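I am opening a notebook page for this structure. The entries below record what I looked up, one topic at a time.

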Amino acid sequence: MIALLPQQLVLGLLIGGLYGLAAAGLSLVFGVLKVLNVAHGELIMLGGYGAFWLFALAGVDPFASLVLVIPATLALGAVLYWALFGWVVRYHEETRIKNSLLIGFGLALALHALAVRLWTADERSITTAYAGSVIEIAGLTVPLVRLASLVVAFALIGALHLLLTRWRWGRAIRAAADDWEAALLTGIDVRRAYVLAFALGTSLAGAAGVLVSVGYSISPSIGLEWTLKALIVIVLAGLGSTFGTFAGGLVLGVAEAVSATVFGGPYREVVGLVIFFVVLVARPQGLFAR
Amino acid sequence: MTARGVLGGVTLVVLLANVPFVIHRDDVLNFLVLTLLTIALAQSWNIVGGYAGQVNLGHAAFFGLGALVTRTLWIAGTPVLAAMLAGAAVAVAFALAVGGAAFRLRGAYFAIGTLALGEILRITVGNTLPEISTLPATSIATYGLATRYWLALGIASLSVLAVAWLAGSRLGLGLQAIREDEGAAEATGVGVLRLKLLALVISTALAGLAGGAFAYYHISYYPSHAFGPQWTFDAVLVTFIGGVGTLHGPVLGAVFYVLLKEYLAIRWVDFHLLIFGVLFVAIVLLLPGGLVEVATKLRQLPRGVARPRS
Amino acid sequence: MPESAAAHPRAALLDVEGVAASYGPFLALSDVTLSLHAGEIVALLGSNGAGKSTLIRCISGLLRPRAGDIRWDGASLVGVPAHAIVERGIALVPEGRRLFPSMTVEEHLDLGAFAPRARAERARSLDEVHAIFPVLHERRKELVSSLSGGQQQMVAIGRALMAAPRLLILDEPSLGLAPRVVESILGVLGDINRRGVSILLVEQNVHAALGLAHRAYILESGRVAGEGTGRALLDDPHVRRAYLGPLAARS
């Protein structure tokens, strides 16, 4: 069994990149707006079905579909902010987080039911012509599509980092995250920074969904699982550092691979959740501190 | 609780208890069992989630434990009531084991922490007991729906009674103080953790009993199904839509929920979740009092005009 | 409006007229009227809880007054969002500095010029800020958390100046700083004022504030209890009471 570990580690790293990308969006939204969107996983699911539809109906390559899915989910994020989450930002922090959690919960249920209506409850994945290609490195098998997904995930994280440090509004988003009142007094339209952050977070979810649909599989009920993965990564990595979040994703992927090898495949999920609960309880206040 | 409320409640329960003698349709009884179990589950959630204000997203764990223990003991030959009590005891024991840790978390952190707990249990049970649990042929032969119905009615009544008692008790007042402002409650000498644990014990005992009734009612199901997050979600939806932190809310919410679910299921499976998801968001944003608040307002309207204050 | 300013050379730049404000049920300000003319340094004095910070929150748009009007250059500021008030030329250095912990000195100054009008003058403002606080240029790449308290206050003032304000409001700039540092920070305010920026200063250090200000107002229990030039106020019994606020309350 231990002989399988190196191969498991490779696969763990590959999916860990997606965990990191999934967490980056949730972390951005939580860090900036202090809004906990538990429907983040459902947004990932929608991104995945976006790619699936584009592939099935128009034959668009899933990686190319990012060009369409990212702007579409940006717009979706802005709409969700205006329709739902923008309502709670006027409350003080504790109420804000709790109400946003409830709104996210309702949204998650609605999106899940909608997805079942639109795409049925079946599991789907995108099978491209190159789907089965693998590279052999030192006796290890690396699925090409998953490797490409990891590279794209890393590139998107890099792009996010650049946006937040170089772009004028990116800096404004960080300022609003640090101290929204001081940001207002600096002349920043904080509401607008919030909309932008939420839209960016949603589009990161959408992009992650595209990558999930091509290397792995999607179904209407993957939302909860991905929300939990993102939360676990945030707990591991903390808020505030984009690359730190990505690294946290890789760590979770590796931890899952190790535990699947040691305890058996079915316990892959449990280990992450146990770590999550223990860390959460050990640092109840300082958890999401920077 | 007013005298009129008690009288109304008792009358309703007596009427409901006679339903199996009058109506001999399985579909009606099944519908009522479902509604009663939903009432019990939602009302049990309401104690910690509504009165104490701690959104527990791992509630299914306690329902599942009650179901698992009851089913195992009952099929092994234990009388069903004893098996259910054992199920509730295990649910409470688990609650006490994790409650101290979970209640270190506040607000949304408590919610996601308990969500993780529930999932840990569900996945573990799914891995250890992957086989479907089906009643032995002898039990199926003697299966009586009316017994299940009376059991569900009893547990639903018990849960409503528990919350009615709680609402007027010192414990209930303490929980509401915690809900309004936990820091202030602590500062005024309310033993916050002790009260929360007490609430959790009552809540999980009822959830365990409801799970036991579920295990007694269903002919076959996967053991991990009773641990599924949808049980928690149902309880949260029903309680919020009916009116969170009220006695009547979960009852009203459950009737509305099951009615719509059954009605819509004829044409569209799961479509009720789309409606309830949207409704839930609308209630959180616009109408935090739920259906109960609507009902109160509607009743006050004409009376307020006729007799401003008698 | 330049025309009206020319027509009435003594017309005030900022006019606070009968402003009342509250936090929840607590009335923090009742009927405050005061004004500030272009080029002036005006000090706002009063004990803790007198309503100074509340008034400043009203002027900068963080709190909406319950009654009264705040006019800036002839136009009402009531209901204008805080970020748009910065764009109109009022910058606030908040109490406790309120810097962004994840950002460098340079990023603070860059964000200070966020509003469109300020962005157009960004280069000139940056030169000015660096001329006033050369240390901010030296340490521009550092995170603000590595700076001393006095230097952090300089970043806060520099960030506000980057907005190219016509009015700079400072809320307790000397709070928590060593006396020598306070002296140099307050000294800089005179320098900034000579560059054409009006100043509204809230300060516990009454002697220093009155030494610097052209005029001053005393706030007491949410209303204006006195007004005058620095020297005249120092002899006023109201000032003595405000100045000795905690002691007077005890006797």
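Is Val10(B) buried or exposed? I looked it up and found Val10(B) exposed, because 11 other C-beta atoms lie within 10 Å. The cut-offs I used are 20 or more other C-beta atoms within 10 Å for buried, 12 or fewer for exposed, and partly exposed in between, with C-beta atoms placed from the backbone. I placed Val10(B) in helix H1 (residues 3-17) of chain B. Helices here are DSSP runs of H or I with at least four residues, numbered from the N terminus. I also checked Val10(B) against Thr239(B), 229 residues apart along the chain, and their C-alpha atoms are separated by 22 Å.

Notes on the source. I am reading a predicted model, in which local features need pLDDT of at least 70, side-chain atom pairs count only at pLDDT 80 or more, and totals for chains, interfaces and linings use all residues. Residues are numbered from 1 along each chain as its sequence is written, and chains are lettered from A and ligands numbered from 1 in the order in which they are written.

Confidence. I read pLDDT as the predictor's confidence in each residue, from 0 to 100. Chain B averages 90, and 96% of the residues score at least 70. Over residues 304-310 of chain B the pLDDT is below 50, and this stretch has zero contacts in the model beyond near neighbours in sequence. Where pLDDT is low, the predicted coordinates should not be read in detail.

Chain A with chain B. I counted residues as in contact if their C-beta atoms, placed from the backbone, lie within 7 Å. On that basis 35 residues of chain A are in contact with 32 residues of chain B. Helix H4 (93-119), helix H9 (223-237) and H11 of chain A each supply at least two residues to this side of chain A. H4(A) gives the most, with 17 residues. By class, the side of chain A that touches chain B has 28 nonpolar, three polar and four charged residues. Nonpolar covers Ala, Val, Leu, Ile, Met, Phe, Trp, Tyr, Cys and Pro, charged covers Asp, Glu, Lys and Arg, and the others, Gly among them, are polar.

Chain A with chain C. Here I found 17 residues of chain A in contact with 22 residues of chain C. Helix H6 (168-178) and helix H7 (180-185) of chain A each supply at least two residues of that side of chain A. H6(A) provides the largest share, five residues. The side of chain A that touches chain C divides into seven nonpolar, three polar and seven charged residues.

Notes. Two residues are in contact if their C-beta atoms, placed from the backbone, lie within 7 Å.
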